[in-house]
Amino acid sequence: MLGLSLVHRYLAPDETLAEVLFGLIMALTITVGARLFGEGGQFDPHRLVLATIGCNVAWGIIDAVLFVLGGLFNRSRRARFHRALLSARNESDALAALAEEFDLEDEPLEFRAEDRARLYEALLSLSAHAKLANPHLHRRDVFGALFIVVLVSAAALPGAVPLLLFNDPGLGLHVSNWMLIALLLFVGHRWGRYTDVRPWRAGLIVMLLGVCMVLIALILGG
């Protein structure tokens, strides 16, 4: 739990679970593909382990770079919005821009129109006195990116271990696939604990969706 709390300093719970889920789906796609498309069902377990871990590491790095770029993009976009807000022709235009930027109508909590109006007026007042800083790389970007690489890469290990432990490659691959599917259920269950959905229902939904995404990837790319 200490390690998880450290991760959550730099990644939100949904980001953490999404990265693990992504890594599991990537690993499962490779291991299921090895069974379905292997020549005569034969494969080299050591090469499959290297392929699974290598693919997850590569995609972890790619996802980490996109995470950093996304953070810089969002901060730059907010800075541009703030400048546009200050240069609005009148208060009505500024309030309309705030209402569009911070739309509360789709939130699970229903706010009265007058309460939303007061919130936008308060935000406009704060914006007038706020100091605009140039967007730059943050500590969260760097550590968040590192944790993304670790999470996506580590998600391949549960599927790789059985391939190395069992003398029978077919049995090891069978255990590997079911272990990854079980972990999809576990991650979904954890996801449900952060939401208003029952954990076991969330787990089953995530597991089924994960398996479906694996099958889609294999059908379209196999």
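Predicted model: local features only at pLDDT ≥ 70, side-chain atom pairs only at ≥ 80, totals over all residues.

Me: Let us begin with helix packing. At what angle do the axes of helix 3 and helix 7 cross?

Reply: In general, angles over 145 degrees count as roughly antiparallel. Here the axes of helix 3 and helix 7 (residues 157–165) cross at roughly 170 degrees and come within 9 Å. Helix 3 is therefore roughly antiparallel to helix 7. On the helix 3 side, the contact is made by Pro45, His46, Leu48, Val49 and Ile53. Helix 7 contributes Leu157, Ala160, Leu163 and Leu164.

Me: How far apart are the axes of helix 3 and helix 5, and at what angle do these helices pack?

Reply: The range from 65 to 115 degrees counts as roughly perpendicular. Helix 3 and helix 5 pack at about 95 degrees, with their axes 10 Å apart. It follows that helix 3 is roughly perpendicular to helix 5. His82, Leu85 and Leu86 of helix 3 make this contact with Leu124, Ser127 and Ala128 of helix 5.

Me: I turn to charge pairs. How many salt bridges does the structure hold?

Reply: The structure holds four salt bridges. One of them joins glutamate 15 to arginine 140, with the closest N and O atoms 2.8 Å apart. This pair links distant parts of the chain, 125 residues apart: glutamate 15 is in helix 2 (residues 13–37) and arginine 140 is in helix 6 (residues 139–154).

Me: How accessible are glutamate 15 and arginine 140?

Reply: Glutamate 15 counts as partly exposed because its relative accessibility is 25%. Arginine 140 is also partly exposed, at 35%.

Me: Where in the chain are aspartate 141 and arginine 75?

Reply: Aspartate 141 is in helix 6 and arginine 75 is in helix 3, so that the pair links distant parts of the chain, 66 residues apart. Their side chains meet in a salt bridge, at 2.4 Å from N to O. Aspartate 141 counts as buried, since its relative accessibility is 1%. Arginine 75 is buried as well, with a relative accessible area of 16%.

Me: What separates the closest N and O atoms of arginine 89 and aspartate 93?

Reply: In this salt bridge, those atoms are 3.2 Å apart. Arginine 89 is exposed because its relative accessible area is 76%. Aspartate 93, with 29%, is partly exposed.

Me: Finally, the surface. Which residues make the nonpolar surface patch?

Reply: Patches are made of residues with over 30% relative accessible area and no salt bridge. In this structure, Trp59, Ile61, Ile62, Val65, Leu66 and Leu69 make a nonpolar patch of about 550 Å². Isoleucine 61 is located in helix 3 (residues 45–86). At 44% relative accessibility, isoleucine 61 counts as partly exposed.

Me: Where does valine 211 lie, and which residues does valine 211 touch beyond four places away in sequence?

Reply: Valine 211 lies in helix 9 (residues 199–221). Ile181 and Leu184 are the residues touched by valine 211, not counting those up to four places away in sequence. With a relative accessibility of 25%, valine 211 counts as partly exposed.

Me: Is glycine 33 buried or exposed?

Reply: Glycine 33, in helix 2, is buried, with a relative accessible area of 12%. Between glycine 33 and valine 161 there are 17 Å in space, C-alpha to C-alpha, and the two are 128 residues apart in sequence.

Definitions and conventions
Residues numbered from 1 in each chain as written. Heavy atoms only, no water. Patch = residues over 30% accessible without salt bridge, like charges linked within 9 Å, V, L, I, M, F, W, Y side chains within 5 Å. Areas by Shrake-Rupley, 256 points an atom, 1.4 Å probe, with all protein chains shown as cover. Helix = DSSP H or I, 4+ residues; strand = E, 2+ residues; numbered from the N terminus. Buried < 20%, exposed > 50% of the residue type's maximum accessible area, 1.4 Å probe, protein only. Axes fitted to C-alpha atoms, helices over the stretch in contact; angles between N-to-C directions. Parallel < 35°, antiparallel > 145°, perpendicular 65-115°, else oblique. Contact = heavy atoms within 4.5 Å.
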